[in-house]
Amino acid sequence: MTNKNNRSGVFEASVAGSEHFGEKICRLKFVLSGEGADAFKLASPGEFAQFQVEGLALPSNLPEGLEDRAFRQPILRRPFSFLDIYPYGEDMIVEIMCDIIGTGTARLSGLRAGDKVSILGPLGRGFAKPEKGKKVIGIAGGIGIPPVEHFLRQLCRDNPKQECFAFAGARSRADMPIASVQQGKNPENQEYSFCKHFAAATDDGSFGDKGLVTEVFESWFAGAGLSPADCEIAACGPEPMLRAIAQTAHKLGIRAQVSLEKMMACGIGVCQSCIVPVKSQLGREQNKLCCKDGPVFDSREVFAE
Ligand SMILES: Cc1cc2nc3c(=O)[nH]c(=O)nc-3n(C[C@H](O)[C@H](O)[C@H](O)COP(=O)(O)OP(=O)(O)OC[C@H]3O[C@@H](n4cnc5c(N)ncnc54)[C@H](O)[C@@H]3O)c2cc1C
Ligand code: FES
């Protein structure tokens, strides 16, 4: 299956490795060859893929509280953004971070090196590159962290002079999908070492500041001496967080892109399960689809002033 721009399709990926961080989070690495590699060479941060979980076995060690839910048979594919995508010889490696919350994510977490999985992708519209010379501030919460991390890393890979700042929030340390945090290391010296500044917040204070990541960002920005006109924001996370970021961005006059986490069934614009009401700059209201027109939108479209 291929989409209209002849880029995405259904491909078989081999699991190159999986790493578990506590009970809830795992990082999965997939290898794509041939047409799959060609398609994913063109993928960009913020886009996503639909992973087939039907037919995958459940692992024996399920996170506490998931025992009943995990035994349901998942029919639909599950959407995941990318933590990273990079070449490996002629092949492409696609990495995802998985928060194990139900039957599909539990099944993915049981994958081992050499297993095969069907992936539909790359799908959607990812983060747009910033205007030349603009600094990029990534603000992300929970499973919104991987695509923002991917975006910032890719920008710095493409342009070593790109200035990036990162803010990550989660309920607690155990819920933060950052490998170094789970390993008890400092992200500033690890995967976020390319950033000029990294800060984190958790609801319970188990990592970073206690409170909301949006508050941590706001107080940092107030003292950072940056001009709003020189900055752009890229954000992903739960809707209330994105709304708060959009309000702050509009107030300060910073351009912001937000990646929405809508429930998705087909992922390709057919089922209409992911409608996002938007408002154009002329005030015209219309419905867009998160899977096809997003998941990344201009904040003014989805959270009008
Ligand atoms: C564009 C996009 C990118 C995503 N990227 C990632 C990622 O990088 N890493 C990651 O771990 N997860 C990501 N997700 C979320 C992931 O798709 C869901 O967590 C997953 O589909 C749940 O499947 P499950 O079978 O394990 O859970 P289910 O058994 O289907 O559901 C478990 C519980 O989670 C709720 N739930 C399921 N899907 C969502 C959702 N999309 N938003 C809010 N609540 C949901 C259900 O209502 C239910 O209460 C992304 C979602 C989208 C739309
Ligand atoms: S998920 Fe089916 S139309 Fe978007």
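How far apart do the C-alpha centres of domain 1 and domain 2 lie? I looked this up at the outset, bearing in mind that the model is predicted. The two centres are separated by 24 Å.

**Entry 1, domains.** I noted that the domain assignment gives domain 1 as residues 9–123 and domain 2 as residues 135–259. I then examined the contact, to which domain 1 gives 14 residues and domain 2 gives 15 residues. On the domain 1 side, I found that β2 (25–32) and β6 each supply at least two residues. The largest share of that side comes from β6, with three residues. I recorded the classes on the side of domain 1 that touches domain 2 as seven nonpolar, three polar and four charged residues.

I consulted the UniProt record, an unreviewed entry, which places the feature "domain: FAD-binding FR-type" at residues 8–129. Over residues 8–129 I read 16% helix and 42% strand. The end C-alpha atoms of this stretch are 21 Å apart.

I listed 23 residues around ligand 1, of which R78, D99, G102, G104 and T105 come nearest. I traced the shell to its elements and found that β4 (78–81), β6 (91–99) and α3 (103–109) each supply at least two residues.

I checked the bond from G121 to P122 and found it cis, with omega near -10°. P122 is placed in strand β7 (residues 116–123). I also found a cis peptide bond joining G294 and P295, with omega about 10°. P295 sits in the loop between α8 (290–293) and β16 (296–298).

I noted a positive phi near 65° at Q272, a residue other than glycine. Q272 belongs to the loop between β13 (255–259) and β14 (275–279). Is Q272 buried or exposed? I class Q272 as exposed because it has 11 C-beta neighbours inside 10 Å, and the cut-off for exposed is 12 or fewer.

I followed β14 to its partner, strand β15 (residues 285–289), and found the two running antiparallel and joined by five bridges. K279 has E285 of β15 as its bridge partner. I counted five residues between the strands of this hairpin, where G283 takes a positive phi near 90°.

Definitions and conventions. Residues numbered from 1 in each chain as written. Chains lettered and ligands numbered in written order. Predicted model: local features only at pLDDT ≥ 70, side-chain atom pairs only at ≥ 80, totals over all residues. UniProt positions renumbered as here; feature names shortened; annotations may be inferred. Helix = DSSP H or I, 4+ residues; strand = E, 2+ residues; numbered from the N terminus. Buried ≥ 20, exposed ≤ 12 C-beta atoms within 10 Å, placed from the backbone. Near = placed C-beta within 6 Å. Pairing = 2+ DSSP bridges. Domains from an automatic or database assignment. Contact = placed C-beta atoms within 7 Å. Nonpolar A, V, L, I, M, F, W, Y, C, P; charged D, E, K, R; others polar.
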